[in-house]
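Have the picture open while you read along.

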Amino acid sequence: MHKLLSNRITVFWLVAPGLFLFLFMVCFPIAMSGYYGTTNWKGIGSYEFVGLTNYTNILFHDAVFWRSLWHALLLLAATLLIQHPIALFFSILVMHSGRFEKLFRAIFFIPAVISIVVTSKMWVSVFHPNYGMLNKILDGIGLSAWKQDWLGDPQLAIWSIIVVVMWQGFGYALLLYYAGLQGIPKDLYEAAELDGAGRISLYTKVVIPLLTPMVRVAVVIAVTACLKQMETVFLMTNGGPVNTTQFVGNYLYKTAFSSSLYGYGNAISVVFVIICLIITVVMNKAFKKDVGEF
Amino acid sequence: MKTTASARLGKPSKGNKQNAPSPVLKVLLHTVLWGIALLQIFPLVWLINYSFLKSGEFFGKSILKWPEKLEWTNYVNAFTYGSVPKFMLNSFFITMVTILVAAILSVMLSYAFVRMQWKLRKATMALILLGMIVPIHATLLPNFILFDWLHLIDNPLSLILPYIAFSLPISMLIISGFMETIPRSIEESAVMDGCSVFGIIFRIILPITKPAIATVCIMNFISWWNEFIMANTFLTSETFKTLPFSIMKFTGQYSSNYGAQFAVMTLIALPTVITYLLFTEQMSRGITAGAVKG
């Protein structure tokens with residue numbers, strides 16, 4: 001048995017196809033980006049090496065890049081402070097909804113499985129200044145003064161995008177908290193009841209602290225998801241008006257394919273990957289502290 | 001048991017209240033839940049509703065509209081001018097090849113990581129898991145050049161290869177987590193009977209890991225069916241374009257056929273929504289398992 005399981009040739013044939021494909025499609029492209037990031041290539045023609053100029057420009061002189069990161073941070077703040085508490089609250093409600101439990105879970109998650117192409121198009125029509133549903137509703141309830149050009153206003157656009165992203169990710173957050181709640185043994189509720197804990201203190205003092213591990217998981221996922229945000233922005237505003245809804249993924253795409261700064265775009269890709277790696281590693285280190293078993 | 005205990009403690013109402021909330025609270029709970037559920041599902045209802053309207057009926061006051069007659073022409077247009085059948089076939093082909101190959105490669109990798117003994121096991125596994133952190137957007141620019149060199153631009157492989165590569169980390173994580181729970185004794189007896197490692201994998205492990213493989217396939221189906229950015233970047237001609245592109249057919253420079261657009265959007269959304277509704281449990285399990293371990 002042991003001999004068979006440590007046969008190197010077998011290991012090679014098991015691992016090689018997957019690993020090779022992974023290296024070829026994930027690692028090698030990043031290395032290529034690192035190379036092109038040191039050039040001033042415009043996508044066609046010849047190019048020169050410019051050393052680390054692209055990288056220093058991104059880090060020290062590129063306001064749009066930092067703005068894109070700032071937007072990711074805004075999105076993250078909204079996700080953690082608005083979406084997650086609501087999702088947690090609703091996961092508790094769903095648990096108590098009796099025979100509709102499964103139905104509600106399914107409905108809440110549906111937006112997350114619909115193509116972003118569809119949801120973005122849909123929200124663009126909802127936000128349309130003249131024909132959009134949102135302004136129609138405001139007209140209908142007598143708040144015509146509140147009507148806005150939701151995606152065209154530089155102040156508002158980012159918040160409209162944030163609402164859409166939160167809407168689509170809501171079911172995902174809810175599912176995580178719901179799974180966390182399922183993991184708490186039923187007798188804990190009963191024990192708390194016997195101790196005379198009321199319904200609210202049962203949740204604030206017993207259940208939510210026990211959910212901490214799941215909250216950590218949800219936070220880590222939210223951070224990476226916010227950093228990686230691109231499709232919704234690409235399809236709804238393409239970063240506009242004037243970069244007020246720009247995110248890193250969309251920015252590097254635009255830089256390379258619209259502004260033809262291919263070398264610079266690649267440098268952004270590399271910085272992007274490094275930022276993602278650093279943040280994930282730091283978060284995992286910070287959250288490694290063990291939590292009590294139950 | 002519980003009632004006697006709480007009765008003994010002189011708090012008879014506490015225990016009962018937890019199990020059977022007061023009617024008012026119950027009504028309130030269901031109202032809130034249905035309210036948010038409606039908000040989550042409303043866009044889908046709206047989408048389907050508008051896909052049956054004439055383009056002229058779009059710009060009225062009301063939000064939902066009972067169509068005077070069901071405008072099936074929208075769907076006819078989607079199928080003819082929008083080339084929905086062709087694009088849908090392309091989407092199906094690309095997604096199916098991806099999830100099949102990804103499942104096989106993940107099972108092979110998982111077996112090597114869980115059961116086989118070799119030197120670089122941990123390091124290789126960590127490397128592949130890092131792939132979960134890398135944003136797919138960072139590989140768009142280098143892959144464009146890479147595929148250009150390999151003459152793979154506008155070839156289904158330009159999507160299938162990166163799709164498989166980016167499926168591997170999460171798929172491997174879920175499948176190997178499942179594999180760890182399989183007792184070794186079955187494999188040992190197979191070895192006694194002279195079975196090779198590949199024989200073990202395909203005759204014994206594959207049938208047992210079916211639930212995990214199903215979960216992985218469903219998750220991959222939904223994410224790659226909905227993928228847009230890579231398809232938008234690497235496909236240039238009509239021949240291999242995927243489903244989302246049929247919307248573009250109706251957003252012309254001079255006229256927009258909104259009715260047909262909504263029909264196409266409904267057709268894009270339905271396969272994933274139906275798949276999700278059929279396999280809700282597998283999806284939920286996969287997502288939480290992947291999240292907690294990752």
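**Reading the model, one feature at a time**

Q: Let's start with one residue. Where does Met219(B) lie?
A: This is a predicted model, so keep that in mind as we go. Met219(B) lies in helix α11 of chain B, which covers residues 210–225.

Q: Is Met219(B) buried or exposed?
A: The general idea is to count the C-beta atoms around a residue, and 20 or more within 10 Å means buried. Met219(B) has 22 other C-beta atoms within 10 Å, so Met219(B) is buried.

Q: Which residues is Met219(B) in contact with, leaving aside its neighbours within four places in sequence?
A: Met283(B) and Gly286(B). For a sense of distance, take Ala291(B), which is 72 residues along the chain from Met219(B): the two C-alpha atoms are separated by 13 Å.

Q: How do I read the way two helices pack, say α5(B) and α11(B)?
A: Look at how close the axes come and at what angle they cross. Helix α5 of chain B spans residues 84–114, and its axis comes within 9 Å of that of α11(B), with a crossing of roughly 145 degrees. The crossing of α5(B) past α11(B) is right-handed.

Q: Which residues make the contact?
A: From α5(B), they include Ser91(B), Thr95(B), Ile99(B) and Val107(B). From α11(B), they include Ile213(B), Val216(B), Phe221(B) and Trp224(B). By class, this contact of α5(B) with α11(B) has 10 nonpolar and 5 polar residues, with no charged ones.

Q: Let's zoom out. How many helices and strands does chain B have?
A: Chain B has 15 helices and 0 strands. Of its 294 residues, 44% count as buried. In chain B, among contacts between residues at least 6 apart in sequence, 79% join residues at least 24 apart.

Q: How is chain B divided into domains?
A: Domain 1 of chain B is 2–75 and domain 2 is 82–293. To read the boundary, count who touches whom: 12 residues of domain 1 of chain B are in contact with 9 residues of domain 2 of chain B. On the domain 1 side, α3 (23–50) and α4 (73–80) of chain B each supply at least two residues. The largest share of that side, 4 residues, comes from α3(B). By class, the domain 1 side has 7 nonpolar, 3 polar and 2 charged residues.

Q: And how many residues does each chain bring to the contact between chains?
A: Chain B brings 73 residues and chain A brings 74. On the side of chain B that touches chain A, α3(B) gives the most, with 11 residues. That side of chain B has 51 nonpolar, 16 polar and 6 charged residues.

Q: What about the largest nonpolar core: how many residues does it have?
A: It has 155 residues. Those with the most contacts inside this core are Leu174(A), Tyr177(A), Ile268(A), Leu109(B), Leu168(B) and Val264(B). The core draws at least three residues from each of domain 1 and domain 2 of chain B. Follow one of those residues: leaving aside neighbours within four places in sequence, Tyr177(A) is in contact with Ala87(A), Leu88(A), Ser91(A), Leu211(A), Met214(A) and Ala218(A).

Q: How do I read backbone angles?
A: Start with the general rule: most residues other than glycine have a negative phi. Then look for residues with a positive value. Asn238(A) has a phi near 50 degrees, and Asp154(B) has a positive phi of about 65 degrees.

Q: Where are Asn238(A) and Asp154(B) found?
A: Asn238(A) is found in the loop between α12 (231–236) and α13 (248–257) of chain A. Asp154(B) is found in the loop between α7 (140–149) and α8 (157–179) of chain B. Asn238(A) is partly exposed, with 14 other C-beta atoms within 10 Å. Asp154(B) counts as partly exposed too, because it has 15 C-beta neighbours inside 10 Å.

Methods
Residues numbered from 1 in each chain as written. Chains lettered and ligands numbered in written order. Predicted model: local features only at pLDDT ≥ 70, side-chain atom pairs only at ≥ 80, totals over all residues. Domains from an automatic or database assignment. Contact = placed C-beta atoms within 7 Å. Nonpolar A, V, L, I, M, F, W, Y, C, P; charged D, E, K, R; others polar. Buried ≥ 20, exposed ≤ 12 C-beta atoms within 10 Å, placed from the backbone. Core = buried A, V, L, I, M, F, W, Y, C linked by C-beta atoms within 7 Å. Axes fitted to C-alpha atoms, helices over the stretch in contact; angles between N-to-C directions. Left-handed = near helix turned anticlockwise from the far one by under 90°.
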